[in-house]
Amino acid sequence: MFKHSACHMTTFDRSFMINNRELETLLEKMMELRCFEEKIAKLYSQGDSIVGPVHLYAGQEAVAVGVCSNLRQDDYMISNHRGHGHCLAKGATFEEMMSELHGKENGYNKGRGSSMHIMCSDLGIVGTSSVVASGIPIAAGIGLSIKMRKTNQVVVSFFGDGASNNGSFHEGLNMAALWKLPTIFVCENNNYAVSTLTSESTSVKDISVRGAAYGIPSVTINGMNVAEVAKVTREAVERARKGAGPTLIECKTYRFMAHGEGETLEYRTKEEIQKWKQMCPIDSLTGKLIKEKVLTEEKTQHMEQKIRKKIDEAAKFAKESSFPQQFIKEADVQQESAIYPTTSPTKEITFIQAIREALREEMRRDQTVFLLGEDIRHALWGVTKGLVDEFGRERVIDTPISENGIIGVALGTALTGLRPVAEIMFADFLTLCMDQIVNQAAKVRFLSGDQMNAPMVIRSPLGLGRSAGPQHSQSFISWFMHVPGIKIAAPSNARDAKGLLKTAIRQNDPVIFIEALLLYGSKSLVPEEEYTIPFGKADVKKEGKDVTLVAISTMVPKAITACENLAKKGVDVELIDPRTLSPLDKDTIIDSVKKTTRLVIAEPECKTAGIGAEIAAIVAEESIDYLDAPIKRVAIPDSCIPCSPSLEKIVIPNEEDIIKTILEIKN
Ligand SMILES: Cc1ncc(C[n+]2csc(CCOP(=O)(O)OP(=O)(O)O)c2C)c(N)n1
Ligand SMILES: [Mg+2]
């Protein structure tokens, strides 16, 4: 079946010998993986102990074992939904794996992840993600982190044939190749993505040619032969450690069980399954070692019995372990940041200068902080201009136009000791990296059972109000408010922008930092001395007794003007700028409403299910009895944003809209 073995960009040397002792060790490891999966299948079928969906690895053991036999404990591994084998091969224990699969407190993730989400920082298991292909750009990011930290580690990314059709694969491979990262991509081509044949989903016969297309040394090998996998991986690891960049190894293999437990196999013929079972990596190596008198039938049976006993004990341990009873909700995770005095002499700077100063100060203070994004050296908006002169190209990295890849890479670095500040050129393009933000970064702290975190900032300009049109004028703050694990800042002036960005960079969770282009040129007084501004602390910009006005981002300067005009009409407005939407300073808003009994929210986004809707709901829940008038929202009236200035004016709320709305509820 494996008559050919496609090699691209390099010839893989398989001449080094793996001695029989080493083969015996590999066999034992493969048996461990197989016996573990058989036990899980049994427990699953009994129906009462395994938690959540399970995708078993039986049949593919040669890949995980062959690859991981070349890794050090401090090397990294990231894999997918079919990850038990990868984790065990990287050193995971039966007890902790079993406990996790039983949803127990003793599990790697304290029962929060179960089968598809195993993380263990001590073993370099950065995670098994249940979103197909998402780990691939993260692996590129881990490679970047290794390269930047000069630690001589490597990272392996395991994924399936199906994943190679996903954009994450292509973005991740391009970036790894471009920057010569020590990332080894291992594609386990088991011929199916669920029930879909690779030949019906994939335009090429050998997925390794896709690696070659990115200039990556790539090879297709027999993934049922552990020695072959080990040999080829050894070369890839050597290449990675010496700085020669990534490798793609496509292992042709086969899963012996259903895609997921409880599913059927009717899309495969008995003959096909039989044919592959004859190539079983465990049986064939056992046969060879018995034939060469390294092992006997008896010794092999004894080896297997010992393994099964250990696994049975681990299952008993897991069963008897307790279920977790509580966890800290993301919304309750508090992070303090030192607040520096703000009474020092001030200077007047623009919003752009403020952001640049924050970046410069944080990069000087902390060597792990670095920047990445499209055109950030040249700096389209001028924000990051000149930073490359001081910090070099290693810490100010221009990226390809790969939003999903940028955030995946940023996350990989954040998971392994760095503090990336990524720029997404327009906030609209955050939609292109929603998987990495929402499914991956936001989940790290929670899923890892609090072992890991993702200290990363995503800066992104809001284009609203500059005739940029419907695809360059949205910020989606309200979307991110809906996601536990994400923090959001939307400063309205230079002083807040600098202080909040410095705090954002020091946070241990991902932060979305929305900077409005309309505010970039605005100036404010900023302390000469270092200062930071805490998250979750609103700024009461003006005290008042008649109406509470909560304004966000670009709406704040408009709200200030509105307040001045209303004062002339005898209406005393209390103006609050929350500054961060997650965490949101609910107390300041509620206290204000209790005093004024009226609330208006002015937001730079669409009305339906928006920021104002959430604030209105909070106030209604907590203090409805204090309200003397309906809560009103001044928002974009659920419309796309037109380019023509005359039309833009119709949809983007202005000072007059705020005044009119406040007068409506005041009178
Ligand atoms: C982005 C995404 N799309 C769809 C799914 C549902 N799904 C889970 S596994 C799978 C098949 C993956 O095939 P492959 O990458 O070849 O891995 P294999 O299951 O064969 O090991 C699919 C479609 C998912 N988890 N993530
Ligand atoms: Mg597959």
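## The surroundings of ligand 1

In this predicted model, the shell around ligand 1 is made up of seven nonpolar, six polar and two charged residues. The shell counts 15 residues, and the closest to ligand 1 are V132, G160, G162, A163 and A193. Two elements, β4 (155-160) and β6 (192-193), each give two or more residues to this shell.

## The sheet of seven strands

An open sheet with mixed pairing is formed by seven strands, which follow one another in the order β12-β11-β13-β14-β16-β15-β21. Because β12 (396-398) and β21 (580-582) each have a single partner strand, they stand at the edges, and one side of each is left without a neighbour in the sheet. From one strand to the next, the twist averages 20°.

Within this order, β14 (residues 457-462) and β16 (residues 511-516) run parallel and are joined by six bridges; R459 has F513 of β16 as its bridge partner.

## The sheet of five strands

Another open sheet, again with mixed pairing, consists of five strands in the order β18-β20-β19-β22-β23. Its edge strands are β18 (539-542) and β23 (632-636), each of which pairs on one side only, and neighbouring strands are turned against each other by 25° on average, direction ignored.

Strands β19 (residues 547-551) and β22 (residues 599-606) run parallel, with four bridges between them, and V600 in β22 is the bridge partner of L549. Helix α20 (residues 555-568) packs on this sheet, where it touches β18, β19, β20 (573-577) and β22, and the direction of the helix makes about 170° with that of β20.

Notes:
Residues are numbered from 1 along each chain as its sequence is written. Chains are lettered from A and ligands numbered from 1 in the order in which they are written. This is a predicted model: local features need pLDDT of at least 70, side-chain atom pairs count only at pLDDT 80 or more; totals for chains, interfaces and linings use all residues. A residue is near a molecule or strand if its C-beta atom, placed from the backbone, lies within 6 Å of it. Ala, Val, Leu, Ile, Met, Phe, Trp, Tyr, Cys and Pro count as nonpolar, Asp, Glu, Lys and Arg as charged, and the others, Gly among them, as polar. Two strands pair if DSSP finds at least two bridges between them. Axes are lines fitted to C-alpha atoms, for helices over the stretch in contact, and angles run from 0 to 180 degrees between N-to-C directions. Two residues are in contact if their C-beta atoms, placed from the backbone, lie within 7 Å.
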